[in-house]
Amino acid sequence: MASDERLARFRQAHLNPFNKTPEEQEQHPEGENPTPGRCSPPTVPHCQGGDPEGALDLGLAEDHFSRPVGLILAQDVGQLCQAIEECKRVILALPEHSERQKDAVVRLIHLRLKLQELKDPDEDEPNIRVVLEHRFYKEKSKSVKQMCDKCSTIIWGLIQTWYTCTGCYYRCHSKCLPLVSRVCVRAKVSHQAEYQLSICPESGLDSQDYRCAECRAPVSLRGVPSEARQCDYTGLYYCSSCHWNDLAVVPARAIHNWDFEPRKVSRCSMRYLALMVSRPVLKLREINPLLFNYVEELVEIRKLRQDILLMKPYFITCKEAMEARLLLQLQDRQHFVENDEMYSLQDLMDIEAGRLSCSLTEIHTLFAKHIKLDCERCQAKGFVCELCKEGDVLFPFDSHTSVCTGCSAVFHRDCFYDNSTTCPKCARLSLRKQSLFQDSGITEAEP
């Protein structure tokens, strides 16, 4: 009997402080602590004094020392609704387009997804889960060809519940969701869209304390307890669970060496490169200007892009071109109609494969045909060489023409460079300005 009493006292002392019965909750309202062995669950603090930063304690702030990124303190529908309202007020109070306002908007999205998750009481597994900025949706596919990114095992869709992040396509079992340690790379792409432009910047295993750069599991080059695998993009070492020997084109090698051979990268780097591949964030003239002397295709693409930018004003002011939506021919490469300097990694890969030159030449021919042959309005906006006053109508994107930088007049290239005088149109404009100044001076001198 004595042992039974000791066991009962031991269990009483180690009860879960959050497992309260309804009778106990009625006997001990909020703010009271009935016994030293039990404590009340944490409550959501309220914003005081109208300070917008105070509302960040409702699960909107990030305290890297007390809780992981993406943790939401509110645990029920009422608290979440209150946190959502406070978050809205914070967004309106913070400066527009500031980093803190952007972070608050992201938190508002997560709070609403968490609220929708809690509003699915009829299902064994909720349809939406929010973990470390991942937006996990429950998959309905019964395919067995997927692998869990957390435990590196097969997902048996027929008998197991699994989730996919809509942002970075991270896949994992339902049981692995609480163990996810990788932050969604979509957030990194949204906040800081740039590449690591140093070729495999290795710093050594000792700088990582001989642990995986992602999950912090012990690793070594000898394979004990786990094999250390290097990511060619970041230069860091990962364990076999975080590095599956996936192959990807490394941007630094492509820009500096014009090397597009796929290299082994970690899972996190592979997801990041896949999301960044079509983003025009590479300014080659600043990163490696000598590349244009080495790769002839780059010079050809740059000339085609410059011509397309010269054609763009014709299409914007042409009703037929707007109805035909000619500029949508480049909807997959929108930056081609905005500037001629920025490139994406996909652009460079297509240039190396020879695909971009062919497709861009076809689009250039289609645009030129509309301006010079099909549309009378666009033809009327052509130029006649004022130096020789001979030949056909000229356009600024013709290969045998030159454009005056002062007045944008178009001339034959040979006439423009052989002529020792200034541009005739610029001379007329300067004379007109002088006459206007003289007329205004005479008018002011008269009483």
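Tutor: A charge counts as sitting over a ring when CZ of Arg or NZ of Lys lies within 6 Å of the ring centre and within 35 degrees of the ring normal. Keep in mind that this model is predicted. Now take Tyr343: Arg305 lies over its face, at 4.7 Å from the ring centre.

Student: Which ring does the charged end of Arg267 sit over?

Tutor: The ring of Trp244. The charged end of Arg267 is 3.9 Å from the centre of that ring.

Student: Now opposite charges. How many salt bridges does the count come to?

Tutor: Look for a side-chain nitrogen of Lys or Arg within 4 Å of a carboxyl oxygen of Asp or Glu. By this rule there are 20 salt bridges. One of them joins Arg253 to Asp232, with the closest N and O atoms 2.8 Å apart. Arg253 is in helix 6 (residues 251-257), while Asp232 is in the loop between strand 5 (229-230) and strand 6 (237-238). The two residues are 21 residues apart, and the pair links distant parts of the chain.

Student: Why does Arg253 count as buried?

Tutor: Buried means under 20% relative accessible area. Arg253 counts as buried because its value is 15%. Asp232 is also buried, because its relative accessibility is 12%.

Student: What about Arg377 and Glu320: how far apart are N and O in their salt bridge?

Tutor: They are 3.6 Å apart. Arg377 lies in helix 14 (residues 376-379) and Glu320 in helix 11 (residues 319-324), so this pair ties together parts that are 57 residues apart in sequence. Partly exposed covers the range between the buried limit of 20% and the exposed limit of 50%. Arg377, at 49%, is partly exposed. Glu320, at 38%, is partly exposed too.

Student: Are Asp350 and Arg333 buried or exposed?

Tutor: Both are buried. Their side chains meet in a salt bridge, at 2.6 Å from N to O. Asp350 sits in helix 12 (residues 345-353). Arg333 sits in the loop between helix 11 and strand 10 (342-343), 17 residues apart from Asp350.

Student: Which residues are linked in a network of salt bridges?

Tutor: Lys283, Arg285, Glu286, Asp340 and Glu341 are linked in one.

Student: On to ring against ring. How many aromatic pairs does a search of the whole structure find?

Tutor: Six. Read two values for each: the distance between centres and the angle between planes. For Tyr233 and Tyr272 the centres are 6.4 Å apart and the planes stand at 35 degrees, so the pair is tilted. Tyr233 is in the loop between strand 5 and strand 6 and Tyr272 is in helix 7 (residues 267-276), so the pair ties together parts 39 residues apart in sequence. Tyr233 is buried at 5% relative accessibility, and Tyr272 is buried at 3%.

Student: Why is the pair of Phe395 and Phe397 stacked?

Tutor: Planes under 30 degrees apart count as stacked. Here the planes are at 20 degrees and the centres 5.6 Å apart, so the pair is stacked. Phe395 and Phe397 are buried. Ring pairs also bring in Tyr314, giving a cluster of Tyr314, Phe395 and Phe397.

Student: Last, strands. Which way do strand 2 (residues 134-138) and strand 3 run?

Tutor: Antiparallel, joined by three bridges. Lys138 stands opposite Tyr163 of strand 3. Strand 3 also pairs with strand 4 (residues 171-173), again antiparallel, over three bridges. There, Thr164 has Arg171 as its bridge partner.

Student: What lies between strand 3 and strand 4?

Tutor: Five residues, in a hairpin. Tyr169 in the turn has a positive phi of about 60 degrees. Along strand 3 (residues 162-165), Trp162 and Thr164 point one way, Tyr163 and Cys165 the other, and all are buried.

How values were computed: Residues numbered from 1 in each chain as written. Predicted model: local features only at pLDDT ≥ 70, side-chain atom pairs only at ≥ 80, totals over all residues. Heavy atoms only, no water. Helix = DSSP H or I, 4+ residues; strand = E, 2+ residues; numbered from the N terminus. Buried < 20%, exposed > 50% of the residue type's maximum accessible area, 1.4 Å probe, protein only. Phe/Tyr/Trp six-rings, centres within 6.5 Å; stacked < 30°, edge-to-face > 60°. Pairing = 2+ DSSP bridges.
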